[in-house]
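This report concerns a single protein model. Please consult the sequence and the coordinates alongside the text.

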Amino acid sequence: MQMKHWLLTLSIGVAACSSGGDTTVAAGTTPTTTATDPTPLTQGVDYTELADHSDRDNWTCDNDTIRDAGTGDILAAAVTIIDNPGALQRAINSNSIPSHRVGDFPNSGNPNSIGEVDVSYTVAMRVATEQPSTTSPSDVASVAVSIGGVLFEPNTAEVYNNDRNSGWNYEALTIGAAANGDLAGAIGYLGTDCNNAHVQPTGKYHYHGMPEELLSDLLIARGRSVNDPAMVLVGYAADGYPLYARYGYADPMDSTSAIVPVTGSYELKTGTRPSGPGGSYDGTFVQDWEFVDGSGDLDACNGRYGVTPEFPNGIYHYFLTDDYPFLQRCVWGEPTDDARLGAQG
């Protein structure tokens, strides 16, 4: 049985930033809203794009050293990726410490400090030309893990009126909450940094969207930059299929075609919410969005079949996108149990 073992130590360069959120609300705050929409949609604004949080203190990722909140000791990323071809499995183990620059934690929207949280994540090893059935998706707590060992988690713990039975879940990254003064004051933008990431009460740093600094580092490792885009593998989904960031081939089956930004296929619903918070569908809640087949480049799980640099004969693969849903909200292949549980920690 042949096995491969890598120890990844990534040093991150400077990157462009976008926006993000997840499992924490500052102590004493209660998400609230009103029956009427306090911020009507503005004509000409693309509400499927990320909000601009650049004026927030933690938005700039200028911290290249992460320290333990109690001891002050420097926390270094520790990641191993072990491929077991005989069992068709890939094991990714990490301490959840990002090896790239981050924003300020804690901050006004996220009261937690980054800490070491051991994560063990096992996924299937997928082979060239493989693709899943796209008729029965699975919802999972952790949809993917980066090659740096940091998890991608789409869901947040924040719900309308703190009622988990309300049927309205706050969306981490869309402009609705950021543009809505009442809501923004209540949930504090969830305190994400330029990597669209923040920190759980356990100390686990995790992504809700594009990991800008990680992507920048991987481009630099290729001798490129954020201004010289490429199709970059950034991680593996819970079902083992590869995950790429932002760019893909204009023709999914032609690696000589242009490199272009890839778009999701979700749109805001029209009209007003029939219950709960009421008001216009503005992207504040997950339930404000719906999949519209053909409106973008990708399927309901933010993926497609095609060729990639690592799989030149073609494979099904997922994308991180700059528009909703930002990262896949489901997987088509069979996820592992640790993905269903959100991995350890």
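## Aromatic pairs

The model is predicted. A search of the whole structure finds twelve aromatic pairs.

Tyr241 and Tyr316 form an edge-to-face pair, with centres 5.6 Å apart and an angle of 85° between the planes. This pair also links distant parts of the chain, 75 residues apart: Tyr241 lies in the loop between strand E9 (233-237) and strand E10 (242-245), and Tyr316 lies in strand E16 (residues 315-320). Buried means under 20% relative accessible area. Tyr241, at 2% relative accessibility, therefore counts as buried, and Tyr316 is buried with a relative accessible area of 3%.

## Ring cluster and charge over a ring

Ring pairs also join Tyr266, Trp289, Phe291, Tyr324 and Phe326 into a cluster.

A contact of another kind involves Arg90 and Tyr236. The charged end of Arg90 sits over the ring of Tyr236, 4.1 Å from the centre of that ring.

## Helix H3

Helix H3 spans residues 212-221, and eight of its ten residues are buried, so the helix is largely enclosed by the rest of the structure. The buried residues in H3 are Glu212, Glu213, Leu214, Leu215, Ser216, Asp217, Leu218 and Leu219.

Which elements cover the buried residues of H3? The cover includes strand E5 (144-146), together with E8, E9 and E10. After H3 comes Gly223, which has a positive phi near 80°.

## Second largest pocket

The second largest pocket has a volume of about 220 Å³. Its lining is made up of 13 residues, and those nearest the pocket centre are Pro154, Asn155, Thr156, Val286 and Arg329. By class, six residues of the lining are nonpolar, four are polar and three are charged.

Methods: Residues are numbered from 1 along each chain as its sequence is written. This is a predicted model: local features need pLDDT of at least 70, side-chain atom pairs count only at pLDDT 80 or more; totals for chains, interfaces and linings use all residues. Side-chain values use heavy atoms; hydrogens and water are left out. On a 1 Å grid over the protein atoms alone, a cavity is a set of points where a 1.4 Å probe fits but cannot get out, and a pocket is an open set with protein on both sides within 12 Å along at least five of seven lines; lining residues have an atom within 4 Å of a point. Grid points are joined across faces, edges and corners, and a volume is the space filled by probe spheres set on the points. Ala, Val, Leu, Ile, Met, Phe, Trp, Tyr, Cys and Pro count as nonpolar, Asp, Glu, Lys and Arg as charged, and the others, Gly among them, as polar. Rings of Phe, Tyr and Trp (its six-membered ring) pair if their centres lie within 6.5 Å; planes under 30 degrees apart count as stacked, over 60 as edge-to-face and the rest as tilted. Helices (H or I, at least four residues) and strands (E, at least two) are DSSP runs, numbered from the N terminus. Buried means under 20% relative accessible area, exposed over 50%, partly exposed in between (1.4 Å probe, protein chains only). A charge sits over a ring if NZ of Lys or CZ of Arg is within 6 Å of the ring centre and within 35 degrees of the ring normal. Contact means heavy atoms within 4.5 Å.
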